[in-house]
Amino acid sequence: MRLSFTKPSALRKKGVLCMNKRNIDYIGRCNPRKFYKRVDDKLTTKQLAIANDIAVPALIGVVREQHEIEEIPTMVLEEDGFVIKPSKGSGGKGILVITKVEEGRYYKPNGQEVGPSEVYRHVSNVLSGLFSLGGSPDVAIVEGLIQFDPVFDGYSYEGVPDIRLIVYKGFPVMGMLRLSTAASDGKANLHQGAVGVGVDIGTGKGLHAVQFDTPVELHPDTNKILTDIQVPHWDFLLHTASKAYEMSEMGYLGTDMVLDKVKGPLLLELNARPGLAIQIANNRGILPYLDHVDSLGNHNMTVDERVEYAKKHFAHSAQL
Amino acid sequence: MHSKKPFYILVALLFILGITASVYRGVEHKVPFLPGKQVQSWAVDAKVQFQGTGDPAEVSFSLPNDPAFEILVENATSPGYGLSITDTNDQSDRRAIWSVRSAQGQQDLYYKVTLIPTGSTKVIASTEPSEPKPYIWPATEQAAAEQATQEVWAKSATNLSFAQQLNKALNAQERSQNIELLLSSNSPNKLFLHMLQSKGIPAQEVSGLFLEDQRRRQQLSNFVEVYNDGEWHLFDPTNGTQGRDENLLLWDRSGKSVLDVIGGVNSQVNFSMLQDTRSALATSLDVMNNQDALDFSLYQLPLEEQSLFKGILLIPIGVLMVVFLRVIVGLKTSGTFMPVLIALAFIQTTLLTGLVGFILIVACGLMIRSYLSDLNLLLISRISAVIIVVIGIIGVFTLLAYKIGLSEGLTITFFPMIILAWTIERMSILWEEEGPKEVVLQGGGSLFVATLAYLAMSATWVQHWVFNFLGIHLVILAVVLLMGQYTGYRLLELRRFKPLAGE
């Protein structure tokens, strides 16, 4: 059996960005170190977003000290459900989702009950820095549960589908919808088995889909045709992502957004080191788009102009 | 975007500096490029004997002086005698002087020397020798000598070819009448020397010793050196040969007598010798020690620090391995440099014991950790508890191994415990969050990288190089810096992105 490797020249021809080039030529060059806190610390991101009129999931509370953990039950008394996440977490680690609160008892999306001691231990781990980069002490954010938009019903299994857009120097260049599966245990992280659907920047329509870096046609759990997806509020999503550039001052940025049934698109988090699987989901390399943006030089476009430019030039049908 | 030129110049400089330093080490200090290399050495004993007459005695004995042999150790034993070793400026005339106020009866003086061949058999003249005074032939020989010299002179072009032709003429099957006549009253060496001198060619008589293993009571042989174009060439007019045997040790090149005894009679010297093999590395260290060239070597350190450095200097190799596997190949490891630390432990435990021990400890640790996780402890105290439990596990395993008689099991104590505790904690979280499959994958990946790093670090020639050729670390630094600039595809990305290649 031949090992399934391809030639580097074939990938270069398709403009596929690789990890080393991403780290050196894009992250290293476009993302100033001093602004990292704006994206790595979710609490800061949230506060910045609110200051910049970008909608985010409701902030119920922040737990900074061990003794404050006992306040959580009072905090969430009025809520239907809530999410506890580490402020400096990465890769979706350490996120506890409670979809149902009933008489002081908590339930996970799969119906499993979570005792108060388990919540206590989880938050304690978060504060100790177990999930944060480099193990530094952290704070736990308690957020309102997202009532996700039913437009994705049948496309996502037990989890919130999110929309990832790569924003380069303020231009949204590539998009992807991430759908959780049984394999990913309700999480929207591709390396854990979520499905990635490449989305046309021009229209918000599904183009191509992958799971575990392999192309797929149907959702593995619901058997719906993935490329039929049309993401609603597409223009709004593009605007929000483009605005995140001014807010974070990061040149190479991944924005993660969700659609709330009531509140519409919400900015979930920013990522200074977005992964490369988005290229596989779109079935094309990202480099031609990045080069196109670079060729514009120092532009003075507003958010609206950038979104229009991106829709016109980076759409699936457009010629670069 | 700033220019990358200074960076590449820096890398090139590091590379050149590292290679040059290593080659210098190897060539100049003769540090062997391969470990375990052996060199031949010769131990030569000279025994000087004479009969004392009861008067003050002074013995002057010339010492070996040959660029083809390096003197490693030399010493002289002579109870009751004062000893000094004199050196003339150009080192061509080293002599041992023994002296005593009164010598009576049979006297034995010893000189021992250990020599190693250097391979440089050419004898380069340090200064241009002055033209010798022409030899005055006795009247009976003058005509014959002039005629014979003239005949040979006509057939030669240079000093060297003259000496060669002369050597041939002296040893021809049918010698000319003139030469027969001259040889009847002169020894071949003297005649050769005189004929050269009569043409103004610098030449001198030297003595040498043929080195043969386990020979005793050997004598020096005499040769003639002829100067030509900055170099001395060796001739043996008694048998007509030219050049030197590789077993020949030039003992005395001063032209004076080898042994001078004042205040004694019947003096003689004879030699015995022994061939030996010794480690090339130890030999070069001894030579460096002799030359005070150790200044910039780790061998100056006390032995304990040396062995510590032997371990530390392996880390760059392991780090290089990790950088390569991550940047060029694209393997993932849990904890960037944890595999290097595990590999260091493997060096102490050997690979198989290390692997088995590591898996056993982590597996036991995971079981105990799962109990600890039910206790709702704070992270810090939980990890502290894991550290203490790991020490307990290691203790139990060591004891068990000892009882069963498995001495390999005892080396398990070399594992860094804090690292093990963190590994157990990380694996345990991984297990809870992403399932046992991911634990096996990431743990296995780390062990795989650790194994490769171990294999690189445990190769004897690698250990030899990193400690003896410090320049190699500059080369590693240059390679690591270069890899840090690599923006190409990783090997595993060629597989990952294969669907994009559109085949």
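Start by selecting residues 6–27, 308–329, 341–368, 380–404, 410–427, 439–459 and 465–489 of chain B, which an unreviewed UniProt entry lists under "transmembrane region". UniProt positions follow the numbering used here, feature names are shortened, and such annotations may be inferred rather than shown by experiment. A word on the ground rules: this is a predicted model, where local features need pLDDT of at least 70 and side-chain atom pairs count only at pLDDT 80 or more, while totals for chains, interfaces and linings use all residues. Residues are numbered from 1 along each chain as its sequence is written, chains are lettered from A and ligands numbered from 1 in the order written, and side-chain values use heavy atoms, leaving out hydrogens and water.

Now colour two of those spans. Residues 6–27 of chain B are 100% helix and 0% strand, with end C-alpha atoms 31 Å apart. Residues 380–404 of chain B are also 100% helix and 0% strand, and there the end C-alpha atoms are 36 Å apart. (Helices are DSSP runs of H or I with at least four residues, strands are runs of E with at least two, and both are numbered from the N terminus.)

Stay in chain B and pick Thr423(B), in helix H12 (residues 417–434). Is Thr423(B) buried or exposed? Its relative accessibility is 3%, so Thr423(B) counts as buried. (Buried means under 20% relative accessible area, exposed over 50%, and partly exposed in between, using a 1.4 Å probe and protein chains only.) Draw a distance to Val362(B): the two C-alpha atoms are 7.6 Å apart, although 61 residues separate them along the chain. Setting aside neighbours within four places in sequence, Thr423(B) is in contact (heavy atoms within 4.5 Å) with Met338(B), Phe358(B) and Val362(B).

Next, jump to Thr350(B), in the loop between helix H9 (338–349) and helix H10 (351–373). Its phi is near 70°, a positive value in a residue other than glycine. Thr350(B) counts as partly exposed because its relative accessibility is 42%.

For another positive phi, go to Asp229(B), with about 55° despite not being a glycine. Asp229(B) sits in the loop between strand S10 (221–228) and strand S11 (231–236). At 73% relative accessibility, Asp229(B) counts as exposed.

Asn189(B) is the last stop in chain B; find it in helix H5 (residues 188–198). With 6% relative accessibility, Asn189(B) counts as buried. Beyond neighbours within four places in sequence, its contacts include Glu205(B), Asn222(B) and Pro237(B).

Switch to chain A, which has 10 helices and 14 strands. Its C-alpha atoms fill a box of roughly 55 × 45 × 40 Å along the principal axes. Of its 320 residues, 53% are buried. Among contacts in chain A with a separation of 6 or more, 62% join residues 24 or more positions apart.

Zoom in on Ile84(A), in strand S2 (residues 82–86). Ile84(A) has 0% relative accessibility, so Ile84(A) counts as buried. Which residues does Ile84(A) touch, not counting those up to four places away in sequence? Show, among them, Ile72(A), Leu96(A), Val119(A), His122(A) and Val142(A).
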